[in-house]
Amino acid sequence: MENMTLEQIAQACGGIYYGDEEKKKLEVAGVVIDSRQVKKDYLFIPIRGEKVDGHSFIPQVFADGAAAVLSEEKLEHPDGPYILVEKCIPAMKKLAEYYRKSLEIPVVGITGSVGKTSTKEMISSVLSKKYLVHKTEGNFNNGIGLPLTIFQIRKEHQVAVLEMGISEFGEMDELATMANPDICVITNIGYCHLENLKTRDGILQAKTECFAHMKPDGIAILNGDDDKLSTIQEVNGKQPVFYGLGAEAAEGCQTTKSVYATNIVSLGLEGTRAQIHIGDMYFEVHIPIPGEHNVYNALAATAVGVRLGLTPQQICAGIESTGTISGRTNMIHAGDLLVIDDCYNANPVSMKASLDVLSQAEGRKIAVLGDMGELGDKEKELHYEVGEHLAGKKIDVLFTAGTLAKEIARGVREHQGSCKLHEFADRVQMTEALKDFVQPGDTILVKASHFMEFPKVVAALTGK
């Protein structure tokens, strides 16, 4: 955080300042909610959790050099200034909104059902060829993580790339209010969070809440091959920028793609080669991460790069230098095994895309799959469809853990897939059997939703 005094902070979050009047003009050096991260002149925001109340750490953070704290209660003889607020989390969000609007750098906001993080990484890699980029780290894309990401923007940053993840109506409205994006990228409308959003039309409605909070001259960049997104013909009085595979509009769509890919050639697990077209010109690129979905990520990054003034050479270099991150199509060589760590999270679309990647591997191909969460009434059907998809791929072995993952195995079995099935009630049993089963030369995909804790499967296979 830069150039924010305690007086401004109190005003921004609707709080009342208590403390030395002279310290009102003190500028804070950073904002944290974790007392262990406090440094000199930081603002500490105490969060009340189910097990721990951050207010209990207020004496310690002052001892560690905090400039001030927020508080939901009046403090008796605190060792420094504090700002009294009704609730800390809403106050933090108001502060993030205020701080974002004080910044002059462009902000790219990214959302979608699948591929938000990988698209964020691709866009950041491209923009880094011209700008100093600040981006969302880890899973800091929700109502608590996003404001903390915004607070980390400093004067040296030239552009920010912010991921926005939601699971309910109204959440995007809140996130986009804070992010106030110049560019909104929506990757797709899939089958995520159906428990709350019910249908893909509900997901579309929830995701597009971001449009109301774009800058007046902002632009929407949308996947033109998505049957829901391609119906959007105008955003805040402007035609969206669409991207996709091939110049032609998807069946039943009227979209014109400004950015598109042709001559797509799979290089197996080495990625994909493609021609990316920008209007009447194109460039050849090697997308280093496997899977057709990463072609879409490269197209989104190209569209953003064009909007922010990068040359085709800079865009190409940024795409080709994109790396993988833990839990997302991350290739881990562990001795003679290749483990595809894609277990950060899972939904039907991403699960099928990951199986497509696995099918391109050499040697014996093993899918290790677990339950997918938040799919609502159709959860069994959607798991079954993943199995049906797997049955059509040249995948040799399937290991499953969990009650819903049994439906994946059933989908394989009933579609006469040649894949050998190993079904387990829980992750621990499955992992022990898997460790004894694998052999040199195997490629192993590991994927499930968060709550299945499949990173522990990756660790068991790789020792990492």
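## Asn-297 in helix H9

Asn-297 is buried, with a relative accessible area of 5%; buried means under 20% relative accessible area, exposed over 50%, and partly exposed in between, using a 1.4 Å probe and protein chains only. Asn-297 belongs to helix H9 (residues 293-307), where helices (H or I, at least four residues) and strands (E, at least two) are DSSP runs numbered from the N terminus. Setting aside neighbours within four places in sequence, Asn-297 is in contact with Gly-115, Ser-118, Thr-119 and Met-122, contact meaning heavy atoms within 4.5 Å.

A word on the basis of all this: the model is predicted, so local features need pLDDT of at least 70 and side-chain atom pairs count only at pLDDT 80 or more, while totals for chains, interfaces and linings use all residues. Residues are numbered from 1 along each chain as its sequence is written, and side-chain values use heavy atoms, with hydrogens and water left out.

## The nine-stranded sheet

Let us turn to the sheet. Nine strands form an open sheet in the order S7-S8-S6-S9-S10-S11-S12-S13-S14, with mixed pairing; two strands pair if DSSP finds at least two bridges between them. Strand S7 (133-135) and strand S14 (281-287) are at the edges with a single partner strand each, so one side of each has no neighbour in the sheet. From one strand to the next, the twist averages 20°.

Strand S10 (residues 219-223) pairs with strand S11 (residues 241-245) in the parallel sense over three bridges, and Ile-221 stands opposite Val-241 in S11. S11 also pairs in the parallel sense with strand S12 (residues 257-266), over four bridges; here Leu-245 has Ala-261 of S12 as its bridge partner. Between strand S13 (residues 272-278) and S14, the pairing is antiparallel over seven bridges, with Ala-274 partnered by Val-285 in S14. Helix H10 (residues 312-320) lies across S13 and S14 and runs at about 15° to S14. Axes are lines fitted to C-alpha atoms, for helices over the stretch in contact, and angles run from 0 to 180 degrees between N-to-C directions.

Six of the eight residues of helix H8 (residues 200-207) are buried, so H8 is largely enclosed by the rest of the structure. Those buried residues are Arg-200, Gly-202, Ile-203, Leu-204, Ala-206 and Lys-207. Their cover includes strand S6 (107-111), helix H6 (171-179), strand S9 (183-186) and helix H7 (194-197).

## H12 against H13

The axes of helix H12 (residues 379-391) and helix H13 (residues 405-414) come within 7 Å and cross at roughly 40°. That makes H12 oblique to H13: angles under 35 degrees count as roughly parallel, over 145 as roughly antiparallel, 65 to 115 as roughly perpendicular and the rest as oblique. Among the residues making the contact are Tyr-384 and Leu-390 of H12, and Ile-408 and Val-412 of H13.

## Two positive phi values

Which positive phi value does Lys-198 have? Its phi is near 70°, in a residue other than glycine. Lys-198 sits in the loop between H7 and H8 and counts as exposed at 59% relative accessibility.

Glu-453, also not a glycine, has a positive phi of about 55°. Glu-453 is placed in the loop between strand S20 (443-447) and helix H15 (455-462), and is partly exposed, with a relative accessible area of 37%.
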